[in-house]
Structures are given as C-alpha cells and as structure tokens.
Amino acid sequence: MIELKIPEIYWDDEKAVSLLGEYFTRRRSCGDLFYSGACFERLGGGGDAEYVAYCFDSNDLVAITTLSVSLEPHGAINLLTDPDEHWASLLSLIPRDARLEDPRSDALIVEGGPAWILWERLAGTKQYPGKPDGSGPVVAGKLLARKRPHLIPIYDIRVKQLFNDRRQTTPSGQRWLRPCGRTTAPLRPVGPSP
C-alpha cells in the first residue's frame with residue numbers, strides 16, 4: 001500500500017475549493033492572472049484541442065513556461081518540426097479524451113504503453129537517448145500533462161513536497177498517481193477522515 005500524506009487543509013472541502021478557486025481566478029493589479037500556471041491547460045485553446053492534439057505547437061512551449069520550465073531553442077524546434085514524425089505518431093496513439101480514472105486508459109500509461117514511451121523519448125532515457133535539447137523528466141511530464149490533461153497529472157518537486165511523498169521514482173523517473181486507490185500499487189491517502 002502506497003501512502004501519501006495529504007495536508008490537512010485539503011481534507012476540508014470548502015477550504016480546498018476556495019484555494020483552487022483563488023489559484024484560477026486571483027488577479028494581479030494590472031488585471032492578468034496572479035498565478036501564471038492557471039493558464040497552463042487552456043492557453044491557446046488547450047494542448048488537447050482537436051486541431052493540435054496530435055502535434056506539439058508553440059502554445060505548448062509557452063504553456064510549460066507558466067510552470068517554470070522550458071526547452072532550449074533546438075529542442076523547441078525539434079518538437080515543432082517533428083522531423084522524424086515520432087512525436088505525432090506517439091500522440092496519435094493516445095486518445096485526446098483518455099481519462100486517468102477510466103480503467104481502459106491503463107494500457108496507455110503502463111510501461112511500454114504509448115504515453116510511457118512518449119515520456120521516455122521526451123525525457124531522454126537510456127533506451128531513447130535522442131531527447132529534445134533542454135528536456136528531461138520534469139519537462140517531459142509537463143508536456144504530456146499539457147497534451148493529455150485528463151490522463152497525465154503534473155508530478156514535480158512541488159507536488160512531491162506537498163504530499164510528503166518520499167518514494168523513489170520509477171526507473172524512468174515518472175510517477176503517475178491514480179485517483180481512488182488505482183496505481184500500479186494501491187494508493188491510500190493518509191490524514192484525517194473526511
């Protein structure tokens with residue numbers, strides 16, 4: 001059983017909804033959103049919009065900067081031009097409406113599945129060393145979260161710290177947490193009873 005320490009503040013539904021609402025609606029004095037990450041999923045219509053769901057576009061590159069990561073120029077060019085067409089090929093194997101809570105999506109994210117392989121190519125693992133310049137595990141995860149926001153959650157050091165997650169990452173370095181107790185091993189939140 002994998003246990004995540006969920007901070008007590010998130011066990012209060014009203015407070016959790018309030019914090020979430022503030023994140024997506026709070027404005028700076030000049031009128032734009034206070035938290036740039038609030039634009040991540042929907043910037044330019046979203047990375048899963050029908051017309052861009054199966055390729056990387058410039059909005060995806062800007063979107064990841066709202067979460068404090070970016071690619072180097074040649075890495076960005078590689079994603080945008082897709083010279084070997086492997087980015088589009090892998091994205092086409094991951095339905096844009098795939099959802100993490102749907103058991104049918106398991107085959108997409110397990111080791112050897114298309115999302116796993118895409119992450120490995122973007123992260124530059126030993127099996128796929130030709131990653132885009134400037135990419136790595138965190139950038140790869142955020143790019144996948146941008147393209148398939150209902151399937152791939154963001155998991156970075158901030159999320160890891162928030163949930164006091166002391167587990168080692170998978171051999172590929174990525175963790176895709178599953179809702180309602182579904183992971184490759186059962187996931188059980190630790191904290192006060194709701």
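I looked up arginine 99 first, and I noted it as partly exposed because its relative accessibility is 37%, where buried means under 20% relative accessible area, exposed over 50%, and partly exposed in between (1.4 Å probe, protein chains only). Its partner is glutamate 101, partly exposed at 41%, and the two side chains meet in a salt bridge at 2.7 Å, N to O. I used the rule that a salt bridge is a side-chain nitrogen of Lys or Arg within 4 Å of a carboxyl oxygen of Asp or Glu, and by it the count comes to seven. I also wrote down that shared partners join Asp60, Arg146 and Lys147 into one salt-bridge network.

Before going on I recorded that this is a predicted model, in which local features need pLDDT of at least 70 and side-chain atom pairs count only at pLDDT 80 or more, while totals for chains, interfaces and linings use all residues. Residues are numbered from 1 along each chain as its sequence is written, and side-chain values use heavy atoms, with hydrogens and water left out.

Next I turned to lysine 147, which lies in helix H7 (residues 137-147); helices (H or I, at least four residues) and strands (E, at least two) are DSSP runs, numbered from the N terminus. Lysine 147 forms a salt bridge with aspartate 60, with the closest N and O atoms 2.9 Å apart. This pair links distant parts of the chain, since aspartate 60 sits in helix H2 (residues 58-65), 87 residues apart from lysine 147. I counted lysine 147 as buried because its relative accessible area is 1%, and aspartate 60 is likewise buried, at 0%. The side chain of lysine 147 also reaches the backbone oxygen of cysteine 55 at 2.7 Å. Leaving aside neighbours within four places in sequence, I found lysine 147 in contact (heavy atoms within 4.5 Å) with residues including Gly47, Val52, Phe56 and Leu91.

For comparison I checked glutamate 22 and arginine 26, whose side chains meet in a salt bridge at 3.4 Å, N to O. Glutamate 22 is partly exposed, with a relative accessible area of 32%, and arginine 26 is partly exposed at 34%.

Last, I took the chain as a whole and counted eight helices and two strands, running β-α-α-α-α-α-α-α-α-β from the N terminus. Buried residues make up 41% of its 194 residues.

Note on methods:
Polar contact = N/O pair within 3.5 Å; in protein donor to acceptor, adjacent residues only side chain to side chain.
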